[in-house]
Amino acid sequence: MNRIAARTRRLESHTPTQGATGSQRRLLIDINDGLIAASRFLDLVGADHIELVTVTSNRVSLQPADLNEGEQIARALGLNNPMDHRMFVPGNTLWTGERHGLEVQVRSVLRGAVTR
């Protein structure tokens, strides 16, 4: 069994959804999937490069320790949809895409001006 699979395998005795109602059970399963995916992303890009990870039932957001590395991290994860937020101070770019059925976001420094 490879390292990632071994790390993310859930023990049979651990059932976080036990006793939860149907909708609560689905939410917990979705969040567990997001946590497993986030762990894989950290293994891929190196956990030491990430300062903050946010996981919801359908989204994983990563904030690099150094925002200058954001675009490189996003590209390593196959994210190629940039959204520039120029009105924030300081401005930033949010790189998005889909991996493992989840929306994935990586924050980075604001990209240069787009020429037309």
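Good morning. The model is predicted, so local features need pLDDT of at least 70, side-chain atom pairs count only at pLDDT 80 or more, and totals for chains, interfaces and linings use all residues. Residues are numbered from 1 along each chain as its sequence is written, and side-chain values use heavy atoms, with hydrogens and water left out.

Let me begin with the whole chain. It contains 3 helices and 5 strands, arranged from the N terminus as α-α-β-β-α-β-β-β. Helices (H or I, at least four residues) and strands (E, at least two) are DSSP runs, numbered from the N terminus. Of the 116 residues, 29% count as buried; buried means under 20% relative accessible area, exposed over 50%, and partly exposed in between, with a 1.4 Å probe and protein chains only. The chain exposes about 7600 Å², of which carbon and sulfur atoms supply 51%. Those areas come from the Shrake-Rupley method with a 1.4 Å probe; for residues, only the protein chains shown count as cover.

I turn now to the sheet. The 5 strands form an open sheet with mixed pairing, in the order β1-β2-β5-β4-β3. At its edges are β1 (50-55) and β3 (81-85), each pairing on one side only. Two strands pair if DSSP finds at least two bridges between them.

Consider strand β5, residues 102-109, which pairs with β2, residues 59-64, in the parallel sense over 4 bridges. Here valine 60 has valine 104 as its bridge partner, and leucine 62 has valine 106. With β4, residues 92-99, strand β5 runs antiparallel, and 8 bridges join the two. In this pairing, glutamate 98 is partnered by glutamate 103. The hairpin of β4 and β5 has 2 residues between the strands, and histidine 100 takes a positive phi near 55 degrees there.

Threonine 93 counts as buried because its relative accessibility is 0%. Its contacts, meaning heavy atoms within 4.5 Å, include Pro82, Met83 and Asp84, as well as Val106 and Leu110, not counting residues up to four places away in sequence. Arg111 is also among the residues it touches, and the backbone nitrogen of arginine 111 lies 3.0 Å from a polar atom of the threonine 93 side chain.

Thank you for your attention.

Definitions and conventions. A polar contact is a pair of N or O atoms within 3.5 Å; within protein, one must be able to donate a hydrogen and the other to accept it, and residues adjacent in sequence count only if both atoms are side-chain atoms.
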